[in-house]
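Trainee: I am new to this structure and would like a close look at a single part of it. Could you take me through one stretch slowly, and then its surroundings?

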Amino acid sequence: MGGGGGGRRKLERTLGFGSCRVFNGGLLWTSMTTKSGKIGVAHFEVEVQFAAPSYKKIEKPKNFRRVAPRNRIAAASSSSPPALASLVLRRRRCFSLDQLSPSPTPTPAMAVRAGATGRILSRSSVAGARSVSSWWRSVEPAPKDPILGVTEAFLADPSPDKVNVGVGAYRDDNGKPVVLECVREAERRIAGNLNMEYLPMGGSVKMVEETLKLAYGDDSEFIKDKRIAAVQALSGTGACRLFADFQKRFCPESQIYIPVPTWANHHNIWRDAHVPQRTYHYYHPESKGLDFPALMDDVKNAPNGSFFLLHACAHNPTGVDPSEDQWREISYQFKVKGHFPFFDMAYQGFASGDPERDAKSIRIFLEDGHTIGIAQSYAKNMGLYGQRVGCLSVLCEDEKQATAVKSQLQQLARPMYSNPPLHGAIIVSTILNDPDLKSLWLKEVKVMADRIIGMRTALREHLEKLGSPLSWKHITEQIGMFCYSGMTAEQVDRLTKEYHIYMTRNGRISMAGVTTGNVGYLANAINEVTKSS
């Protein structure tokens with residue numbers, strides 16, 4: 001036989017698993033899985049014979065001695081053992097991990113003593129065995145995501161009449177997912193022409209450059225002066241998380257003000273970055289619009305230099321946006337208080353059909369001289385949901401500061417995900433760098449926005465024709481993918497139970513799930529559960 005590796009492999013084949021240890025003194029302890037599926041600890045007695053490579057004279061170690069009877073215990077060399085020539089195993093006892101209690105790790109001396117006397121080691125000799133099994137005993141199942149859980153329930157419903165207006169992704173008028181033609185064409189152009197090497201930590205330079213133009217403007221002086229620190233991010237979620245960690249690292253005593261309500265994941269992101277959260281008023285339940293006076297009071301009363309999370313357009317979940325004049329007042333008050341505005345812009349172009357119009361809030365703040373942060377995403381406006389393409393940018397005082405900030409953003413990204421994904425970034429940069437493809441994208445994003453706007457009008461008209469005693473004007477006054485209907489959780493539960501209509505329990509309707517084929521059914525169901533309100 002050759003070296004010790006062959007003997008160990010023989011041992012592993014004999015036992016049927018690959019993790020083992022032979023202590024000096026001939027005892028072997030290993031973890032194993034029994035037929036019942038339980039993990040246990042097995043104790044074997046081992047007879048060890050030694051061999052040297054075949055071209056050398058085989059010699060026994062000086063302290064090697066055979067113990068009678070055979071198949072009992074053979075002492076191992078106290079120095080590094082020669083190659084194993086054979087192993088004779090005799091299983092003595094197995095313990096279930098549930099039977100064991102924590103105790104000190106068994107030492108070679110303990111193994112020798114136990115082997116020499118032929119005794120079975122006691123519970124206390126199995127080091128950390130139970131601790132291995134109890135590492136995760138305290139872990140409870142996480143609560144289901146309130147949005148993703150809606151789709152799960154919808155898919156499990158066998159009813160042919162079921163309707164899903166909870167999904168946060170665009171659907172065509174047949175209720176089917178859409179891949180934009182500009183995306184298909186970009187994929188055809190890049191297919192087979194690129195390698196799969198890592199992107200830099202900061203991502204695709206071309207994609208980032210074009211993304212900044214969408215937010216800051218094609219002729220932005222800030223881009224020309226290189227005052228923007230920007231990196232590719234894992235869609236809008238990743239951009240928000242990267243900024244939250246940046247905020248925590250460099251402004252450790254700061255907190256973030258988040259609107260009520262907001263996209264639920266915003267709270268998760270800043271919580272997991274260990275940034276304290278405060279809230280500010282935003283939605284007015286009675287009017288189903290913006291609570292502007294309360295919002296302004298909160299902005300004024302927040303400590304100077306506070307961080308505020310703002311939805312640039314198509315507020316999620318309410319669809320309620322400030323008017324241009326209201327944005328100007330908000331910007332002015334931010335300037336007075338020295339607040340830092342961080343914009344989450346997930347719906348640029350998807351809200352109104354015009355990317356320039358949807359960026360108006362950001363342009364107002366830039367005109368007023370703010371330094372800002374922006375999270376951008378191509379999930380909605382290019383339909384690249386699964387590609388996770390986004391960008392985080394921070395406007396700085398000068399080029400030197402921007403260089404430093406970008407380097408720190410990249411350093412934060414390194415242990416998170418190291419490098420952003422390649423394919424989606426190439427699709428975006430191909431579309432935005434080609435005039436024809438970009439023009440096609442602008443047409444397609446307007447088609448999506450217009451269909452959403454059309455479904456808002458249709459839903460409101462159907463409800464009014466049914467003679468609903470309630471006002472539904474907020475459906476058409478709100479904008480973007482979502483309509484904050486004003487329905488209660490109990491009314492939503494009735495929609496699901498009686499009509500197989502699925503949405504989040506806060507009454508948020510995804511207008512992308514409304515089609516010409518189901519809008520009448522949806523309106524009738526809404527009318528039935530709300531007419532007694």
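Predicted model: local features only at pLDDT ≥ 70, side-chain atom pairs only at ≥ 80, totals over all residues.

Mentor: The loop runs between strand S11, residues 307-311, and helix H11, residues 324-337, and Pro317 lies in it. A cis peptide bond joins Asn316 to this proline, with omega at about 20 degrees. Ala314 is found in the loop between S11 and H11 as well, and although Ala314 is not a glycine, its phi is positive, at about 50 degrees. With a relative accessible area of 3%, Ala314 is buried, because buried means under 20%.

Another cis peptide bond runs from Val260 to Pro261, where omega is near 0 degrees, and Pro261 sits in the loop between strand S7 (256-260) and helix H9 (264-272).

A positive phi also occurs at His500, which is not a glycine and has a value of about 60 degrees; His500 is placed in the loop between H18 and strand S16 (501-502), and at 25% relative accessibility it counts as partly exposed. Helix H18, residues 489-499, packs against helix H19, residues 519-530, at an angle of about 125 degrees, with the axes 10 Å apart, which makes H18 oblique to H19, and H18 passes H19 in a right-handed crossing.

Lastly, Trp136 is in the loop between helix H3 (129-134) and helix H4 (148-156). Trp136 is exposed, with a relative accessible area of 63%, and together with Trp135 and Val139 makes a nonpolar surface patch of about 420 Å².

Key: Residues numbered from 1 in each chain as written. Heavy atoms only, no water. Patch = residues over 30% accessible without salt bridge, like charges linked within 9 Å, V, L, I, M, F, W, Y side chains within 5 Å. Areas by Shrake-Rupley, 256 points an atom, 1.4 Å probe, with all protein chains shown as cover. Salt bridge = Lys/Arg side-chain N within 4 Å of Asp/Glu carboxyl O. Helix = DSSP H or I, 4+ residues; strand = E, 2+ residues; numbered from the N terminus. Buried < 20%, exposed > 50% of the residue type's maximum accessible area, 1.4 Å probe, protein only. Axes fitted to C-alpha atoms, helices over the stretch in contact; angles between N-to-C directions. Parallel < 35°, antiparallel > 145°, perpendicular 65-115°, else oblique. Left-handed = near helix turned anticlockwise from the far one by under 90°.
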